Amino acid sequence: MKSVDQHPRSVLEKAPFWVVKIYPGDIGTKGGLVINEFGQVMRVNDTPLEGLYACGNSTASVMGSTYPSAGGTVGPAMVFAYIAMTHLATTRSRAGSTSITA
Ligand SMILES: Cc1cc2nc3c(=O)[nH]c(=O)nc-3n(C[C@H](O)[C@H](O)[C@H](O)COP(=O)(O)OP(=O)(O)OC[C@H]3O[C@@H](n4cnc5c(N)ncnc54)[C@H](O)[C@@H]3O)c2cc1C
């Protein structure tokens with residue numbers, strides 16, 4: 001096996017140079033859209049955006065920055081998809097509309 005010193009190295013000499021900060025995270029996203037208990041996307045003023053639902057990696061994890069175990073992302077994604085569709089179907093049949101109002 002070669003040591004690090006035996007490998008040829010490339011020197012970056014020509015600008016422009018671009019830098020990207022990389023932060024490690026466990027499997028799922030650690031940010032994203034904030035949803036309520038019905039899967040509705042929330043506005044910054046903490047009110048639901050009627051007619052817009054989200055789940056899975058597009059949303060902030062219900063477990064914050066942790067990943068407790070296998071299934072910790074797919075599980076909530078499937079459950080919140082079910083909850084969201086159930087809520088949509090219920091409110092749609094009540095209101096007769098699914099239009100998004102910002
Ligand atoms: C290596 C690895 C291992 C994992 N193991 C586990 C595990 O054991 N258990 C567990 O619970 N979770 C696990 N996960 C996490 C799990 O796979 C994800 O949380 C889950 O797949 C997220 O599902 P999603 O539908 O929200 O997003 P995704 O599966 O990312 O689906 C999003 C879809 O949208 C598509 N898309 C993106 N942009 C656009 C666009 N502009 N227009 C149209 N389509 C678009 C993408 O192509 C993709 O098909 C693992 C993830 C990785 C990477």
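Mentor: Read along the sequence, this predicted model follows the pattern β-β-α. The chain has one helix and two strands.

Trainee: What is the mean pLDDT of the chain?

Mentor: The mean pLDDT is 84, and 81% of the residues reach 70 or more.

Trainee: And among the elements, which has the lowest mean pLDDT and which the highest?

Mentor: The lowest mean belongs to α1, at 90, and the highest to β1, at 97.

Trainee: How do β1 and β2 run, and how many bridges join them?

Mentor: The strands β1 and β2 run antiparallel, and two bridges join them. In one of the pairings, Met42 has Pro48 in β2 as its bridge partner.

Trainee: How many residues lie between the strands of that hairpin?

Mentor: There are five residues between the strands, and within this hairpin Asp46 takes a positive phi near 70°.

Trainee: Why does the phi of Asp46 deserve a comment?

Mentor: Asp46 is not a glycine, yet its phi is positive, at about 70°. Most residues other than glycine have a negative phi. Asp46 is placed in the loop between β1 (40-42) and β2 (48-53).

Trainee: Is Asp46 buried or exposed?

Mentor: Asp46 counts as exposed because it has 8 C-beta neighbours inside 10 Å, and the cut-off for exposed is 12 or fewer.

Trainee: Changing topic, which peptide bond is cis?

Mentor: The bond from Ala15 to Pro16 is cis, with omega near 5°. In general, most peptide bonds are trans. Pro16 belongs to the segment before β1.

Trainee: Let us move to the interior. Which residues make up the largest nonpolar core?

Mentor: That core consists of five residues: Ile35, Val41, Tyr53, Ala54 and Phe80. Across the chain of 102 residues, 10% count as buried.

Trainee: What is Val41 in contact with, leaving aside its neighbours within four places in sequence?

Mentor: Val41 is in contact with Leu33, Ile35, Leu49, Leu52, Tyr53 and Ala54. Of its partners, Ile35, Tyr53 and Ala54 are also members of the largest nonpolar core.

Trainee: And for the chain as a whole, what share of contacts joins residues at least 24 apart?

Mentor: The share is 61%, counted among contacts between residues at least 6 apart in sequence.

Trainee: Now the ligand. How many residues surround it, and which are the closest?

Mentor: Eleven residues surround the ligand, and the closest are Gly56, Asn57, Ala70, Thr73 and Val74. The shell divides into four nonpolar residues, seven polar and no charged.

Trainee: Where is Gly56 placed?

Mentor: Gly56 is in the loop between β2 and α1. Gly56 is partly exposed, because 16 other C-beta atoms lie within 10 Å. The C-alpha atoms of Gly56 and Val79 are separated by 9.4 Å, and these residues are 23 apart along the chain.

Trainee: How far apart are Thr66 and Ile27 in sequence and in space?

Mentor: Thr66 and Ile27 are 39 residues apart in sequence, and their C-alpha atoms are 9.4 Å apart in space.

Methods
Residues are numbered from 1 along each chain as its sequence is written. This is a predicted model: local features need pLDDT of at least 70, side-chain atom pairs count only at pLDDT 80 or more; totals for chains, interfaces and linings use all residues. A nonpolar core is a set of buried Ala, Val, Leu, Ile, Met, Phe, Trp, Tyr and Cys residues joined through C-beta atoms within 7 Å. A residue is buried if 20 or more other C-beta atoms lie within 10 Å of its own, exposed if 12 or fewer, and partly exposed in between; C-beta atoms are placed from the backbone. Two residues are in contact if their C-beta atoms, placed from the backbone, lie within 7 Å. A residue is near a molecule or strand if its C-beta atom, placed from the backbone, lies within 6 Å of it. Ala, Val, Leu, Ile, Met, Phe, Trp, Tyr, Cys and Pro count as nonpolar, Asp, Glu, Lys and Arg as charged, and the others, Gly among them, as polar. Helices (H or I, at least four residues) and strands (E, at least two) are DSSP runs, numbered from the N terminus. Two strands pair if DSSP finds at least two bridges between them. pLDDT is the predictor's confidence in each residue, from 0 to 100.
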